[in-house]
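The sequence and coordinates are shown first.

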Amino acid sequence: MPQPPRKRPGYKSKQSWQGGHGPRREDQGQGSAGRFSSGPKPQGKPAFARKSAQEQGWDQVAGWYDKLVGDKGSDYHRNVILPAAMRLLAPKAGEKVLDLCCGQGVLIPLLLEAKVGRVTGVDASPRLIESASARFRNEKRVELVVADACAPGPWADGSNDAAACIMAVHDVPDLPAMARQVAAALKPGGRFVAIFMHPCFRIPQQAHWGWDEGRKLQYRRVDRYGVPQEIPIVTHPGQGGGDTTTFYHRPVGEVLTAFGQAGLAITVCEELFSHRRSQPGPRAKGENRAVKEFPVFLAVSCVRLS
Ligand SMILES: C[S@@+](CC[C@H](N)C(=O)[O-])C[C@H]1O[C@@H](n2cnc3c(N)ncnc32)[C@H](O)[C@@H]1O
């Protein structure tokens, strides 16, 4: 099994969750590309040591995350992620749908609006499941389960018509195991949609906006990409916090291979761009152009092979 990547001591993200997605001035000096030449890890294998929900940190930040996302989702949820999720998943009336790593349940109201017959929300954080339970306590179609998405469980019982995993592919330590559980949860022919931070352009601490004064363009600088990384994220740095969650960066081939090897055939791969635009100013044109060139999220639709 590949060894977990070594952590750099004191290596912490200064960005908040989902921070830095919009046009931004250059971030300076984050290492040297020449040092990272060991090449990609073998694909389709778990690259990171398993962690409990407690160790992953989501339970500790559940209150903050619930507030950030609220009933209708963060800015990116509302404008980009949720519309794409619903369009790609295309849930039908009466269907049974799994929301894996559901968090506090941001996708669930849209599934209920689409008149699905049943939603099972699964998440490793008891506190986030508690928040979701409070939201949907009167909704008989919703079942919420505290469970590890990377381990077999009664929820992965082959009964679901469709499944979604929104903004969590990079939060699980063992993606191949999670993909196998998704396949186990679906009926043959069942649909799966995953939306996650774009692995090529959105790597915390390792991808940044820069400004080229000569060409008047905003560029995206990527310092590290090809080697999986375990990156601690400080969730709310400006608020006296210091709680960290772990972001698992994997090269895009490793992510897609995890789905394919689990028997989830990829039918659509869409790159999702930010809806945000710069304020008028000398850099606005260059910044807005960059926003249309560099996607923020990757969305993948799959079908479970029989
Ligand atoms: C960024 S949040 C996304 C939550 C929700 N889907 C949303 O879009 O708001 C990532 C979620 O993944 C969950 N998670 C991380 N690792 C998990 C695991 N191994 N099993 C189940 N859930 C996990 C966390 O508890 C957290 O709720």
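## Overall architecture

The protein chain contains eight helices and 11 strands. The coordinates belong to a predicted model. Of the 306 residues in the protein chain, 41% are buried. Among contacts in the protein chain with a separation of 6 or more, 74% are made by residues 24 or more positions apart.

Helix α7 spans residues 252-261, and its residues Glu254, Val255, Leu256, Ala258 and Phe259 are buried. These buried residues of α7 pack against α6 (175-185), β10 (264-272) and β11 (297-304). Just after α7, Gly263 adopts a positive phi of about 90 degrees.

In helix α8, which covers residues 284-293, the residues Glu287, Ala290 and Val291 are buried. Viewed down the axis of α8, its buried residues fall within an arc of 105 degrees, so they line one face of the helix. The cover over the buried residues of α8 includes β7 (217-222).

Gly190 lies in strand β5, which runs over residues 186-197. Gly190 is buried because 24 other C-beta atoms lie within 10 Å, against a threshold of 20 or more. Leaving aside residues up to four places away in sequence, Gly190 touches Asn160, Asp161, Ala162, Ala163 and Arg304.

Lys115 is located in the loop between α4 (108-113) and β2 (118-123). Lys115 counts as exposed because it has 12 C-beta neighbours inside 10 Å, and the limit for that class is 12 or fewer.

Each of these residues can also be paired with a residue elsewhere in the sequence, as tabulated here.

| Pair | Separation in sequence | C-alpha to C-alpha distance |
|---|---|---|
| Gly190 and Leu305 | 115 residues | 8.2 Å |
| Lys115 and Gly94 | 21 residues | 6.4 Å |

## Surroundings of the ligand

How many residues surround the ligand, and which are the closest? The ligand is surrounded by 19 residues, and the closest are Trp58, Cys101, Gly103, Ala124 and Ala149. By residue class, the shell around the ligand divides into 13 nonpolar, three polar and three charged residues.

Definitions and conventions: Residues are numbered from 1 along each chain as its sequence is written. This is a predicted model: local features need pLDDT of at least 70, side-chain atom pairs count only at pLDDT 80 or more; totals for chains, interfaces and linings use all residues. Helices (H or I, at least four residues) and strands (E, at least two) are DSSP runs, numbered from the N terminus. Two residues are in contact if their C-beta atoms, placed from the backbone, lie within 7 Å. A residue is near a molecule or strand if its C-beta atom, placed from the backbone, lies within 6 Å of it. Ala, Val, Leu, Ile, Met, Phe, Trp, Tyr, Cys and Pro count as nonpolar, Asp, Glu, Lys and Arg as charged, and the others, Gly among them, as polar. The arc is that of the directions from the helix axis to the C-beta atoms.
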